[in-house]
Amino acid sequence: MVFGSPKHKPIIAMWLEYECLLGYPDDARKNRLTNQSRPQQIGDWMQRHRLWDKAPPMDKSSEFGALWKGWWTVLQPEWRLIDSWPLAREGPVKEGWENLMKGGGNGFVLVILSLSWWMMKEKDETRATAQSLVVFEDVEWALQQMLLILRERHEKNEHSQGGEDESDSDPNTRPKKRYVQSLSRNYAPT
């Protein structure tokens, strides 16, 4: 609902490609975003059966937003950390994404989902999404950078395997998940 506008919709297509390039990881411990500085509402939502269509209760959008930005900052590469928003976008853009580059149900989807809660609450209170929109743009930019890294890794893997899947030679081997090129055509990166 939040990302239905043309301006916000591309982030969903990017996230789908991101999960595909990560190979749709399971929710093993290594694929979890840190809970350090994470807003309590996210943990509460996870404990309450993850109702995907229902945001957890929050008092004020500004309070949740401040907590959310603190968590987002913890997830960032060190080179991005400055004292103001948006965070730095100049630096070694291909480095330091390990804390954020997580997939599955405990990965980047929590960033997108919890950001949508903030955007909805802010819109309910002020009829605008001024504060959360700045952060949305930063999240979108970070996702684009991680996608560039993942695409490059995928291309290297394709070339190193000579384009041939091992399962092609053994009919009893389950085929590997393949990157779906059409996903990247659904949006134009900014």
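Predicted model: local features only at pLDDT ≥ 70, side-chain atom pairs only at ≥ 80, totals over all residues.
Local features need pLDDT of at least 70 and side-chain atom pairs count only at pLDDT 80 or more, while totals for chains, interfaces and linings use all residues. Residues are numbered from 1 along each chain as its sequence is written, and side-chain values use heavy atoms, with hydrogens and water left out.

Helix α1 covers residues 10–22; helices here are DSSP runs (H or I, at least four residues), numbered from the N terminus. The expected span is 1.5 Å times one less than the number of residues. Buried positions (under 20% relative accessible area, 1.4 Å probe, protein chains only) in α1 are I11, A13, M14, E17, Y18, E19, C20 and L21. G23, with a positive phi near 85°, follows the helix.

Turning to the crossing, the axes of α2 (residues 40–47) and α4 (residues 108–126) come within 11 Å and cross at roughly 110°; axes are lines fitted to C-alpha atoms over the stretch in contact, with angles from 0 to 180 degrees between N-to-C directions. The two helices are therefore roughly perpendicular (65 to 115 degrees). On the α2 side, Q41, I42, W45 and M46 meet L110, L113, S114 and W117 of α4, contact meaning heavy atoms within 4.5 Å.

Finally, S132 belongs to helix α5 (residues 130–160). S132 counts as buried because its relative accessibility is 0%. Beyond neighbours within four places in sequence, S132 contacts L115, W118, M119 and E122.

Technical notes: Buried < 20%, exposed > 50% of the residue type's maximum accessible area, 1.4 Å probe, protein only. Parallel < 35°, antiparallel > 145°, perpendicular 65-115°, else oblique.
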